[in-house]
There are 2 protein chains.
Amino acid sequence: MSDKKCIYAALLGAGTVGGGVYRLVKKMKKEIPLRVGSELVIKKVLVKDASKHRDGIDKDVLTDNWEEIINDPEIQIVIELMGGTGIARTRILEALKAGKHVVTANKDLLAEHGEEIFSVARENNCDIQFEAAVAGAIPIIRPLMQNMAGDNITEIMGIVNGTTNYILTKMTEDKMGYHDALAVAQRKGYAESDPTSDVDGLDAARKMAIIAQLIYHTNVTFADVYKEGITSVMPDDIRYSGELGYVIKLVGVVKMTDGKVEVHVNPMLLEKDHPLATVRNSFNAIFVKGEAMDDAMFMGRGAGSLPTASAVLGDVMDVMRNIRLGCCNRVPVENYKETPILQIDEIKSKYFIRMKVEDRPGVLAEIAVVLGENAVGIANVSQKDTADGVADLLFIIEEVEEAHMVEACEAMRSLDCVYSIASVIRVY
Amino acid sequence: MSDKKCIYAALLGAGTVGGGVYRLVKKMKKEIPLRVGSELVIKKVLVKDASKHRDGIDKDVLTDNWEEIINDPEIQIVIELMGGTGIARTRILEALKAGKHVVTANKDLLAEHGEEIFSVARENNCDIQFEAAVAGAIPIIRPLMQNMAGDNITEIMGIVNGTTNYILTKMTEDKMGYHDALAVAQRKGYAESDPTSDVDGLDAARKMAIIAQLIYHTNVTFADVYKEGITSVMPDDIRYSGELGYVIKLVGVVKMTDGKVEVHVNPMLLEKDHPLATVRNSFNAIFVKGEAMDDAMFMGRGAGSLPTASAVLGDVMDVMRNIRLGCCNRVPVENYKETPILQIDEIKSKYFIRMKVEDRPGVLAEIAVVLGENAVGIANVSQKDTADGVADLLFIIEEVEEAHMVEACEAMRSLDCVYSIASVIRVY
């Protein structure tokens with residue numbers, strides 16, 4: 001065991017999470033050595049402008065010069081919290097090649113370049129830890145890679161984006177429209193001024209790509225994940241599906257279907273007593289099904305300065321243990337399989353369809369015939385809110401391949417009695 | 001890194017969990033080396049009667065002779081699943097002193113002799129892993145010790161006994177009495193024929209003692225945990241508290257109060273939208289509050305052959321990684337603090353009180369005076385189901401020290417208008 005009194009780290013980035021990590025390390029200064037045997041010293045904080053004052057960060061650790069970090073042999077851990085897939089990738093690869101261990105919260109990077117980064121870490125016998133990259137403060141990476149290492153995970157469903165969960169909660173509980181709910185989320189700091197990455201499901205897709213890679217040991221990237229966001233979810237969808245006993249959530253799904261990895265992010269109707277249905281506001285949650293472990297769910301804060309910092313510091317302390325014992329790269333990520341990815345048109349789902357149709361006898365029969373011709377089975381149908389000769393028709397469709405559903409929708413659209421197919425949303 | 005193709009383990013016990021572990025190891029035979037680099041071989045299974053046939057377990061690994069295990073240098077991991085605090089303690093201590101690593105699900109033992117076992121493990125540089133001892137398949141030990149290592153945990157509330165959660169769920173949802181619900185639980189295999197350890201809160205108390213020790217780094221044993229079971233929870237308590245917006249659960253609490261460890265298990269009224277309130281049937285869940293991480297909850301199977309086996313195998317595979325890298329004892333349990341335990345009469349709670357009183361004007365005033373004299377504040381009072389001159393009086397009491405509450409109850413009992421105090425249950 002190394003007798004090092006101090007282990008030195010550098011922080012890349014002093015934004016929300018970086019600042020949180022710096023403050024947390026200061027606060028836990030006395031406790032860290034009691035827990036892992038060495039003191040943790042943040043020797044440098046890399047920022048764009050080192051002359052700018054940053055609340056709570058000692059002036060003399062700030063630097064805008066990466067050379068001071070990469071060339072400092074005393075710095076053994078690089079904590080990357082800049083984000084993005086450009087300079088962050090370069091810095092992380094340089095650090096690993098220099099034998100420095102890396103802790104990161106960068107989901108964008110791992111969802112696109114995970115395989116490259118994990119393999120460079122393995123080659124250099126370095127730790128790469130990234131608990132904070134998926135669902136912030138919720139312990140999920142370590143449980144999946146270690147606690148559940150002896151099980152086959154059959155399915156993971158995640159509410160892994162707090163912004164969209166907040167917006168959908170407001171739409172459901174306060175009967176707001178999408179744009180009003182988004183405005184509230186922006187005012188409260190839950191949504192960015194450009195909310196695209198959240199509301200289009202891109203952020204959630206990145207996290208699901210990382211999860212898929214870990215549990216199926218296959219290279220799954222952001223591009224492999226089918227994505228649908230929440231911008232087309234209408235108050236009527238929420239109201240009507242609620243009457244049928246469902247809640248609409250933006251859900252990421254990873255499962256093994258016919259020997260292929262099924263991975264997608266889309267709005268989904270969940271039965272009201274599904275554990276994920278009770279996850280409200282900006283909370284995140286991940287529901288895991290294992291062959292042996294059965295069902296489990298993990299809920300917590302998916303974002304925020306200190307919650308994310310707590311996950312980062314947990315990783316850093318784990319790396320410190322590994323450094324002391326000379327056992328870095330103890331739990332490598334290795335894609336030892338090459339499982340194909342299921343294409344979106346092969347994915348089978350149940351569906352909720354809301355459509356505007358002509359309000360006269362015989363319309364339902366016409367539509368039912370078209371559905372039947374496309375091998376699409378009806379589990380439930382109801383008619384709502386008729387006015388001015390227009391009726392809202394709601395279907396719950398039996399499990400069917402996406403390709404059939406798309407064809408059926410096209411065929412229905414060509415009927416004169418169908419004014420519009422307002423919504424097509426998957427049902428769990 | 002060791003190049004060992006195989007790592008050998010011995011299983012002590014071939015009961016529900018032992019049998020499950022054996023089957024799971026067989027099933028995961030090909031996957032284990034891909035995940036941790038070595039094959040896992042269960043070389044011996046220690047049982048009382050080695051001649052008895054056991055489904056799915058190869059006859060030639062069965063032995064009733066501990067010497068064949070403890071004296072076999074090839075066996076590096078001992079998986080203790082016998083349970084109990086007698087022979088299991090001896091075997092574990094012997095194994096650790098022989099330099100063998102131990103994985104156990106034995107909560108009874110760790111809740112009484114944890115400090116001894118953890119210190120012998122440290123002295124011998126051995127792993128002792130026990131994820132399955134608390135809440136079965138739910139990852140909680142590793143998250144608490146590693147993911148949350150950089151945070152101060154301020155409070156943990158756990159539904160950590162599936163039997164009592166099942167019984168309370170039946171009483172709540174199916175309006176059963178305690179004895180009927182217990183009978184159903186016994187028929188379904190969720191309760192033992194002698195249910196004492198579950199229904200009196202002893203099992204839950206063991207788990208909370210282990211959790212308290214881990215998060216506060218202080219020796220906390222079973223004897224330190226104040227315990228109340230569910231046998232005195234009546235259908236009226238469930239019905240009336242439900243009308244007030246609460247659900248009754250058996251909850252284990254660990255928190256830091258005025259610099260002392262507060263740890264107890266008792267029935268508790270939770271608001272219906274508290275995440276733990278939604279945990280139904282035999283599921284377990286643990287709710288964690290951290291200063292940095294904020295709220296998190298972990299839900300899953302707290303018992304059962306394969307769920308528990310999955311947690312055990314996760315630990316075994318973690319030990320295998322440590323053996324390969326020579327870094328066992330990587331995350332030792334160390335009680336580096338000596339924090340006093342809060343005595344039960346110092347514990348502050350809100351309370352729900354249900355009492356039978358004389359049904360006449362002035363009674364409430366008399367009782368209110370007595371409560372006031374004992375410095376007990378009333379948050380809510382309501383009167384129910386009056387019949388034959390007897391009324392049910394329900395109070396929600398403001399937070400008050402247990403000692404005051406006990407005195408107040410004694411004083412109320414001495415009033416002529418009070419026929420009985422039927423229930424006194426804590427409120428979160």
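A residue is called buried if 20 or more other C-beta atoms lie within 10 Å of its own, exposed if 12 or fewer do, and partly exposed in between, with C-beta atoms placed from the backbone. With 15 C-beta neighbours inside 10 Å, B:N281 therefore counts as partly exposed. The structure described here is a predicted model, in which local features need pLDDT of at least 70 and side-chain atom pairs count only at pLDDT 80 or more, while totals for chains, interfaces and linings use all residues. Residues are numbered from 1 along each chain as its sequence is written, and chains are lettered from A and ligands numbered from 1 in the order in which they are written.

B:N281 sits in the loop between β10 (260–271) and β11 (283–290) of chain B; here helices (H or I, at least four residues) and strands (E, at least two) are DSSP runs, numbered from the N terminus. Although B:N281 is not a glycine, its phi is positive, about 55 degrees. A positive phi, of about 60 degrees, is also found at A:A375, again not a glycine. The loop that holds A:A375 lies between α13 (363–373) and β14 (378–387) of chain A, and A:A375 counts as partly exposed, with 13 C-beta neighbours inside 10 Å.

What of the sheet in chain A? It is an open sheet of six strands in the order β3-β2-β1-β4-β5-β6, with parallel pairing; two strands pair if DSSP finds at least two bridges between them. Its edge strands, each pairing on one side only, are β3 (62–63) and β6 (128–129) of chain A. Strands β1 (residues 6–12) and β2 (residues 39–46) of chain A run parallel and are joined by seven bridges, with A:A10 standing opposite A:K44 of β2(A). Helix α1(A) packs on this sheet and touches β1, β2 and β4 (75–80) of chain A, its direction making about 150 degrees with that of β2(A). Two residues are in contact if their C-beta atoms, placed from the backbone, lie within 7 Å. Axes are lines fitted to C-alpha atoms, for helices over the stretch in contact, and angles run from 0 to 180 degrees between N-to-C directions.

Helix α1 (residues 16–27) of chain A also packs against helix α12 (residues 305–325) of chain A, at an angle of about 65 degrees and with the axes 8 Å apart. The crossing of α1(A) with α12(A) is right-handed; a crossing has this hand if the near helix is turned clockwise from the far one by less than a right angle, and is left-handed if anticlockwise. Residues making the contact include A:T16, A:G20 and A:L24 of α1(A) and A:S305, A:A309 and A:L313 of α12(A). By class, the contact has eight nonpolar, six polar and no charged residues, where Ala, Val, Leu, Ile, Met, Phe, Trp, Tyr, Cys and Pro count as nonpolar, Asp, Glu, Lys and Arg as charged, and the others, Gly among them, as polar.

Is A:K100 buried or exposed? It is buried, with 22 other C-beta atoms within 10 Å. A:K100 lies in the loop between α4 (87–97) and β5 (101–104) of chain A. Leaving aside neighbours within four places in sequence, its contacts are A:I75, A:Q76, A:I77, A:V78, A:A95 and A:C126.

In chain B, an open sheet of six strands has the order β3-β2-β1-β4-β5-β6, with parallel pairing. Strands β1 (residues 6–12) and β4 (residues 75–80) of chain B pair in the parallel sense over five bridges, and B:A10 has B:V78 of β4(B) as its bridge partner. Elsewhere in chain B, the axes of helices α4 (residues 87–97) and α5 (residues 107–123) come within 10 Å and cross at roughly 15 degrees. That makes α4(B) roughly parallel to α5(B), since angles under 35 degrees count as roughly parallel, over 145 as roughly antiparallel, 65 to 115 as roughly perpendicular and the rest as oblique.

Finally, the two chains meet: 44 residues of chain B are in contact with 44 residues of chain A. On the side of chain B that touches chain A, the largest share, eleven residues, comes from α12(B). That side divides into 26 nonpolar, eight polar and ten charged residues. Strand β12 (residues 294–301) of chain A pairs with β12(B) in the antiparallel sense over five bridges, and A:M297 stands opposite B:M299 in β12(B).
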